[in-house]
Amino acid sequence: MKNASRRLFPLGLKEPGRIVLPLICALSFVALATLRAGGHLQSVSLAIYDLFLRLSPESDVGATGARVALVLVSDDDINRLGEWPLSDGTLAAVLVRLIAASPRVIGLDVYRDRPLPPGSETLESVLQQYPEVVMMYKFGVGGTLTIPAPKFIKASERIGFNDVVLDADGVVRRGLLYMDTGNEPASSFALTLALAYLRKDRIVPGPGEPNPADIRLARTTLSPLEPDDGPYAVADAAGYQLLLDYRGGESPFPGYTLTDLLQGRIPENALRDKIVIVGVAAESVKDSFFTPFSQGLGHRTGVPGVVVHAHLADQLVRAALDDNAPLRSFDKRVEYGWLLLWCIAGTLVVLIARSTSRFVLIVSAGLVLLLVIGYTAFSSGYWVPVATPAAGWLMTAVLGTAFVSGNERSQRRLLMQLFSRHVSDDVAEELWRCRGEFIREGRIVPRAMTVTVMFTDIQGFTTISEARAPEELMAWLNDYMEDMANIVMEHDGVVDDFYGDAIKANFGVPLGSMQPDAIRRDAINAVQCALHMNRALVAVNDRCDRNRLPRIRMRVGLCTGSVVAGCLGSTRRMKYTTLGDTVNIAARLESTDAPGLSGRDTDDDCRILIAQSTWDLVSDWLVAEPVGALSLKGRKEAVTVYRVETRPREGQS
């Protein structure tokens, strides 16, 4: 299970990422679910709904346009007739012309709450003689003015209200079927037209399935829109509403002008067996509404109200005859599960988006995928939420990545504070790549490991420092330290600390390894580093000779063994170091003045002493002189020591 966790979370995220990332996911889900329930994302969902409608191909019209036709009163018609509103006599002439064209039902989307002579008797006679004519009135939704139906039409199946429902942005996306009057529900103009059209096919409203309170036309149940259905969250669902599908585009219905009708210019059979609706398209009358297609450059353009009624009537007829069900929504539990899925997916972006370009690419691809899924489902008659999952995807991806980036910056800052310039580029890169193995809660985890510890110092430094000016001494010492520290890093060592003229270095930290091959490699690196220091000391002393500075004699102590590696210090000042008997032995080897060594020290610029533990790892290629068992300060047991010659055996490296 532990290994599985390491694979799931990237390096550096196991602690505290294992807690923070799920917390980001959970909080994002709760926040967005709350915003969704409160309707704060409804405008975005409606915009996506409009986009999907506009993207729907016009070839997906089905029977749209084949069953509905429009006769529109334009400004030119009004000017030619010289009257508005149209008189009763003109309406009667229009109806006579239409009845002669044999439509199945005629709808008059013009108010006739009072007689407008001349021709009132003629109009009343035509209406009583031909029952296939449907008139309209204004119910007065939302406190608007009520305009009654014509008094001479009594049958309820011949009148319907023409009220439309506007969203907060003024767009018509819903159609009304019924309104509650307190007694018998009132039918809408579009529903009355559709039912009159379907009467010939013997289709009447029936109980829905599975809910008998819903309306069913033939095999299609028309469930009423709920306040949180589809793109809505807090819709006013009063009455019996449906989402308009606007099949075929903004205005797919064939249209003719009033003048075309009165002058007999409409093609023969163009209106036969159709729903023909007479309405106003004149700009001077101001009877237009915004639809999801009402998009323009800086302004919106509306469509005549008669087109909205035509869309709803056509949608109802298609539901009955073509089994075109209204847009369906998923259960709320499924919707919230869908949101949670995208929140989880956004959180996991941090596992693969390890650069800004990849993050942008992945997040963009996720948004495109979500839109494709939403549009594909929309084309199949289902509403799959897009706005809230997109917000969840973005929120969790951004917050998760921000946390990871911040966590990595904190870890990098910690590593740089601890190791700074004291490691080679290769070690630094490996250190950063494997940071998750040894950084926890902002601190280096103390670890026991086997390393080779090196101590170096300058023999007789106190005497030298007393004879030099401070500026000259520091320049001379820094020159020496720079060369030696660089050599340590070149051999994959880590400079632990500087003690005046002394250097402490570790080989095998901070990554550490218990594998014999790695431990042997660290020991070889340490000895090769000491030999390289010996060679470099020649060049350093040449500069000293030229600058009349004292020559440097260096002593090196090496020991391989177990140490504890970790951080020491306060939160404001901390350093990475090693502790243990191995460290003490290396320090004592460097500083020892044991009998038998002092004479040899004057012969070489660099004395390198290694403990038995190091010799055992490098003896197959190194030339060294046994010194014997030395009693070192602070230790009861003697340590077997070897003095390294300044060159490896011939043919070895």
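**Figure 1. Arg 36 sits in helix 2, which covers residues 17-37.** The model shown is predicted. Arg 36 has a relative accessible area of 8%. Buried means under 20%, so Arg 36 is counted as buried.

**Figure 2. The side chain of Arg 36 meets a backbone oxygen.** The oxygen belongs to Tyr 232. The distance is 3.1 Å. Tyr 232 is also listed among the contacts of Arg 36, with neighbours within four places in sequence left aside. Asp 228, Gly 230 and Ala 233 are in contact with Arg 36 too. Further contacts of Arg 36 include Lys 332, Glu 335, Tyr 336 and Thr 388.

**Figure 3. Phe 330 lies in a loop between strand 15 and helix 10.** Strand 15 covers 328-329. Helix 10 covers 332-347. Phe 330 has 36% relative accessibility.

**Figure 4. Phe 330, Val 334 and Tyr 382 make a nonpolar surface patch.** The patch amounts to about 250 Å².

Figure 5. The chain has 653 residues, and 51% of them are buried. Its secondary structure comes to 19 helices and 26 strands. Contacts between residues at least 6 apart in sequence were counted; 74% of them join residues at least 24 apart. The chain exposes about 31,000 Å². Carbon and sulfur atoms supply 54% of that area.

Definitions and conventions: Residues numbered from 1 in each chain as written. Predicted model: local features only at pLDDT ≥ 70, side-chain atom pairs only at ≥ 80, totals over all residues. Heavy atoms only, no water. Patch = residues over 30% accessible without salt bridge, like charges linked within 9 Å, V, L, I, M, F, W, Y side chains within 5 Å. Areas by Shrake-Rupley, 256 points an atom, 1.4 Å probe, with all protein chains shown as cover. Salt bridge = Lys/Arg side-chain N within 4 Å of Asp/Glu carboxyl O. Helix = DSSP H or I, 4+ residues; strand = E, 2+ residues; numbered from the N terminus. Buried < 20%, exposed > 50% of the residue type's maximum accessible area, 1.4 Å probe, protein only. Contact = heavy atoms within 4.5 Å. Polar contact = N/O pair within 3.5 Å; in protein donor to acceptor, adjacent residues only side chain to side chain.
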